Amino acid sequence: MSTTTKRAATFLDKGGTGKTTSAAHLGVALAEAGKDVLLIDLAGKQGDLAKHFGVWEEVQEQIDEGDDWPNISTVFAEEWNQIATKLGDAAVESLIIETDEGVDLIPAHPGLDSLDADLGNIDDARERYSRLEQFLNEYIDGRYDTVIIDLPGLTNNVSYNGLWATKHVIAPVEMGPFESEQAAALRNDLEKIHDRFDVAVELAMVLPNKVDRRTNLANEYLEAFGEDYANAIAPAHVPVSQDIRNAADDGQTVFALEEPSTTAERAREAFHENATALQRRLDGST
């Protein structure tokens with residue numbers, strides 16, 4: 001168990017770029033490298049990370065039976081410290097689900113639906129954006145080597161909490177003009193956070209995802225991302241692979257496939273290489 005937990009968040013102000021897939025696969029790759037990893041799903045009540053690891057039915061059953069309190073939305077509440085004091089270790093342990101692929105997970109919950117508005121009712125901006133950081137500092141730090149948080153695909157109070165709490169962003173990008181614009185907008189937003197609040201949030205990794213090297217357009221954007229984000233670009237791009245989608249539909253990552261395709265093998269290698277680089281960056285190494 002580490003004394004200081006490293007943190008990162010997958011985020012881009014656009015849906016469908018592979019944030020959840022990246023969080024899941026980087027988490028498993030780190031676990032396979034011997035790290036204790038916790039994934040936290042803040043991306044929405046649909047529970048995509050839980051589905052990715054085949055545990056959503058278990059989560060849904062708890063919700064249906066009313067055995068879903070406390071949950072991830074609860075930790076943002078002003079009463080969380082009182083709840084945790086009253087319940088002790090059980091308060092945090094009840095949030096966490098073990099998966100079959102070596103990572104632990106705090107799954108999404110329907111309470112996330114109103115969380116952005118609830119946070120918006122907090123007048124003080126620093127208090128509004130630091131609720132998640134307070135939870136991680138008090139109740140998660142030291143339990144795991146690495147925490148990866150999957151954030152919503154839009155800029156709101158929840159995603160700001162994730163950026164504020166982790167200080168490191170993983171931005172999965174597809175090879176297209178809109179993603180390029182959003183990556184630039186993200187970099188500008190991180191500068192604004194620093195200027196306004198004196199909180200430094202680093203663009204730790206720009207992760208080219210769903211890359212088809214057979215097309216000239218993909219190669220051009222891959223080269224452009226490498227030039228524009230020379231200090232943050234991932235060392236390996238993730239190839240487009242139907243196996244990644246199929247594995248997710250079956251409740252697993254490509255690491256769990258018994259007979260992976262060639263592209264799935266390449267994806268595995270890319271995520272391993274990128275996970276190693278991510279860990280070095282979170283550690284502050286070159």
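## Close-up views of a predicted model

**View 1. Helix H4 and its buried side.** The buried residues of helix H4 (residues 80–87) are Trp80, Ile83 and Ala84. They span an arc of only 95° around the axis, which places them on the same side of H4. These buried residues of H4 pack against helix H5 (89–93) and helix H8 (131–140). The face of H4 turned away from the buried side carries Gln82, Thr85 and Lys86, which are exposed.

**View 2. The open sheet.** Seven strands form an open sheet with mixed pairing. Their order is E3-E4-E2-E5-E1-E6-E7. Strand E3 (97–98) and strand E7 (202–208) are the edge strands. Each of these two pairs on one side only. In the strand order, E2 stands between E4 and E5.

View 3. Strand E2 covers residues 37–41, and five of the five are buried, so the strand is largely enclosed by the rest of the structure. In a regular strand, side chains alternate between the two faces of the sheet. Both faces of E2 are covered. Val37, Leu39 and Asp41 are buried on one side. Leu38 and Ile40 are buried on the other. E2 runs parallel to strand E5 (residues 146–150), and five bridges join the two. Within E5, Val147 is the bridge partner of Leu38. E2 also runs parallel to strand E4 (residues 104–106), here with three bridges. Leu39 stands opposite Leu105 of E4.

**View 4. Packing of helices H10 and H11.** Two packed helices are described by the angle between their axes and the distance between the axes. Helix H10 (residues 177–197) packs on helix H11 (residues 216–228) at an angle of about 10°, and the axes are 11 Å apart. That angle makes H10 roughly parallel to H11. From H10, the contact draws on Pro177, Glu179, Ser180, Ala183 and Arg187. H11 contributes Tyr221, Phe225 and Asp228. By class, the residues of this H10–H11 contact are four nonpolar, one polar and three charged.

Conventions
Residues are numbered from 1 along each chain as its sequence is written. This is a predicted model: local features need pLDDT of at least 70, side-chain atom pairs count only at pLDDT 80 or more; totals for chains, interfaces and linings use all residues. Side-chain values use heavy atoms; hydrogens and water are left out. Axes are lines fitted to C-alpha atoms, for helices over the stretch in contact, and angles run from 0 to 180 degrees between N-to-C directions. Helices (H or I, at least four residues) and strands (E, at least two) are DSSP runs, numbered from the N terminus. Angles under 35 degrees count as roughly parallel, over 145 as roughly antiparallel, 65 to 115 as roughly perpendicular and the rest as oblique. Contact means heavy atoms within 4.5 Å. Ala, Val, Leu, Ile, Met, Phe, Trp, Tyr, Cys and Pro count as nonpolar, Asp, Glu, Lys and Arg as charged, and the others, Gly among them, as polar. Buried means under 20% relative accessible area, exposed over 50%, partly exposed in between (1.4 Å probe, protein chains only). Two strands pair if DSSP finds at least two bridges between them. The arc is that of the directions from the helix axis to the C-beta atoms.
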